[in-house]
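Below is a short briefing on one protein model.

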Amino acid sequence: MVKVMGAFCKRADLTPQQFRDYYEKHHVPLIRSLLPGMTSYKRNYVQAGGWPAPPFDVITEIVYESPEALARSREIMTDPEVVKRIQDDEHKFIDRRSAITYIVDEVASE
């Protein structure tokens, strides 16, 4: 298993609900259609609460079954047309200057 996590801020002109609606209804289907091989694709939306607000609106988790599956997605991302489709869509709801993405090791407590 390989997990990729990203933290993203919404565009300033969108409400949290507009951001979430666009992500779920438009971006998720686009990514699923362009990048096969994900075993899990989750969005974790930040909620108002008692703690100070983090500097992002969503943490995204993408899980691939293997390093090879991730490599296949990365290979697809070398296609300029695929990159353009994804970036054009992201500009509709994400502040791209804030985006960070990492491959992480997950450790569970028992």
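**Salt bridges and a helix face**

Lys-3, Glu-61 and Glu-106 are linked in a network of salt bridges, a salt bridge being a side-chain nitrogen of Lys or Arg within 4 Å of a carboxyl oxygen of Asp or Glu. The model is predicted, so local features need pLDDT of at least 70 and side-chain atom pairs count only at pLDDT 80 or more, while totals for chains, interfaces and linings use all residues. Residues are numbered from 1 along each chain as its sequence is written, and side-chain values use heavy atoms, with hydrogens and water left out.

**Glu-61**

- Glu-61 is found in strand β3 (residues 58–64); strands (E, at least two residues) and helices (H or I, at least four) are DSSP runs, numbered from the N terminus.
- With 13% relative accessibility, Glu-61 counts as buried (buried is under 20% relative accessible area, exposed over 50%, partly exposed in between; 1.4 Å probe, protein chains only).
- The Glu-61 side chain makes polar contacts with the side chains of Lys-3, at 3.0 Å, and Asn-44, at 2.9 Å.
- A polar contact is a pair of N or O atoms within 3.5 Å; within protein, one must be able to donate a hydrogen and the other to accept it, and residues adjacent in sequence count only if both atoms are side-chain atoms.
- Leaving aside residues up to four places away in sequence, Glu-61 touches Lys-3, Val-4, Met-5, Ser-40, Tyr-41, Lys-42 and Asn-44 (contact means heavy atoms within 4.5 Å).

**Other salt bridges**

- The whole structure has eight salt bridges.
- One of them joins the side chains of Glu-90 and Arg-96 (3.1 Å, N to O); Glu-90 is buried at 11% relative accessible area, and Arg-96 is partly exposed at 31%.
- Arg-72 and Glu-65 form a salt bridge at 4.0 Å, N to O; Arg-72 is partly exposed at 46% and Glu-65 is exposed at 52%.
- Asp-95 pairs with Arg-97 at 3.0 Å, N to O, in a salt bridge, and Arg-97 is exposed at 77% relative accessibility.

**Helix α3**

- Helix α3 (residues 80–90) has Val-82, Ile-86, Asp-89 and Glu-90 as its buried residues.
- Viewed down the axis of α3, these buried residues fall within an arc of 105°, so they line one face of the helix; the arc is that of the directions from the helix axis to the C-beta atoms.
- Pro-80 and Glu-81 are exposed on the other side of α3.
- The cover over the buried residues of α3 includes α1 (16–34), α2 (67–76) and β4 (94–104).
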